[in-house]
Amino acid sequence: MNVPRNCRYSKDHFWVKPEGNEAVIGVSDYFQGELGHIVFVDLPEIDDDIVALGTFGIIESDRMVADLIAPVTGTVIAIGTGLVDDPELINEDPYGEGWLARVELDDPVQLDVLLAPEDYEDYIADLGEEE
């Protein structure tokens, strides 16, 4: 399981890569694997405000439809426009070209409540044991 060390993670399986007062958000490798082949993504608009634990879009795969759950609070300053025509980029490169949105953080301290990479690995390992 690919869990990059330069990101923080939500229990909803979204990653956040901090970049100063901004952060990039995407779907974890674990979650894209659970979703299966991704066929559609509904992303927020630039200048939309997103709120931690609130819905900011939808992701649809050949297995299910799921809400995009914001791991942080902030204002959307860019979206992964490549996903509109090529949503399977999330399957192919979840931590690169498959990113969802870039946000200006309301408060960078909020990153502290997200899971560190090691903790996220433990979390998904525990989920596997429950199945």
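Leaving aside neighbours within four places in sequence, which residues is histidine 13 in contact with? They are Gly26, Val27, Ser28, Tyr30, Phe31, Tyr120, Tyr123, Ile124 and Leu127, where contact means heavy atoms within 4.5 Å. The model is predicted: local features need pLDDT of at least 70, side-chain atom pairs count only at pLDDT 80 or more, and totals for chains, interfaces and linings use all residues. Residues are numbered from 1 along each chain as its sequence is written, and side-chain values use heavy atoms, with hydrogens and water left out.

**Overall architecture**

- The protein chain contains 4 helices and 9 strands; both are DSSP runs numbered from the N terminus, helices being H or I of at least four residues and strands E of at least two.
- Along the sequence, these elements follow the pattern β-β-β-α-β-β-β-β-β-α-α-β-α.
- The radius of gyration of the protein chain is 14 Å, close to the 14 Å given by the globule rule for 131 residues, so the chain is as compact as a globular protein of that length. This radius is taken over C-alpha atoms, and the globule rule is 2.2 Å times the number of residues to the power 0.38.
- Taken along the principal axes, the C-alpha atoms of the protein chain fill a box of roughly 40 × 35 × 25 Å.
- Of the 131 residues in the protein chain, 47% are buried. Buried means under 20% relative accessible area, exposed means over 50%, and partly exposed lies in between (1.4 Å probe, protein chains only).
- Among contacts in the protein chain with a separation of 6 or more, 63% are between residues 24 or more positions apart.
- The accessible surface of the protein chain is about 6,600 Å², and 46% of it belongs to carbon and sulfur atoms. Accessible areas come from the Shrake-Rupley method with a 1.4 Å probe; for residues, only the protein chains shown count as cover.

- Strands S1 and S2 run antiparallel and are joined by 2 bridges; two strands pair if DSSP finds at least two bridges between them.
- Tyrosine 9 stands opposite tryptophan 15 in S2.
- Histidine 13 is located in the loop between strand S1 (8–9) and strand S2 (14–19). S1 and S2 form a hairpin with 4 residues between them, and histidine 13 in the turn has a positive phi of about 75°.
- Histidine 13 has a relative accessible area of 9% and is therefore buried.
- S2 is also joined to strand S3 (residues 22–27), antiparallel, by 6 bridges. The bridge partner of phenylalanine 14 in S3 is valine 27.
- The hairpin of S2 and S3 has 2 residues between the strands, and glycine 20 there takes a positive phi near 70°.

**The S4-S6-S7 sheet**

- An open sheet is formed by 3 strands in the order S4-S6-S7, with antiparallel pairing. Its edge strands, each pairing on one side only, are strand S4 (38–42) and strand S7 (65–69). From one strand to the next, the twist averages 25°.
- Strand S6 (residues 55–61) pairs with S7 in the antiparallel sense over 5 bridges. Within this pairing, the bridge partner of glutamate 60 in S7 is valine 65.

**Nonpolar cores**

- The largest nonpolar core has 28 residues, of which Val41, Ile59, Leu68, Val72, Ile90, Leu100 and Val103 touch the most other members. Such a core is a set of buried Ala, Val, Leu, Ile, Met, Phe, Trp, Tyr and Cys residues joined through side-chain atoms within 4.5 Å.
- Another core lies apart from it and has 11 residues, among them Val3, Tyr9, Tyr120 and Ile124.
- Isoleucine 90, neighbours within four places in sequence aside, is in contact with Val27, Gln32, Ile38, Val41, Ile59, Leu83, Gly98 and Leu100.

**Individual loop residues**

- Proline 87 is found in the loop between helix H2 (82–85) and helix H3 (89–92), and its relative accessible area of 6% makes it buried.
- Not counting residues up to four places away in sequence, proline 87 touches Ile38, Val39, Phe40 and Val41.
- The C-alpha atoms of proline 87 and glutamate 60 are separated by 9.2 Å, while the two residues are 27 residues apart along the chain.
- Aspartate 47 lies in the loop between S4 and strand S5 (49–50). Although not a glycine, aspartate 47 has a positive phi of about 80°, and at 60% relative accessibility it counts as exposed.
- Leucine 53, in the loop between S5 and S6, is a residue other than glycine with a positive phi, near 75°. Leucine 53 counts as exposed at 66% relative accessibility.

Notes: Axes fitted to C-alpha atoms, helices over the stretch in contact; angles between N-to-C directions.
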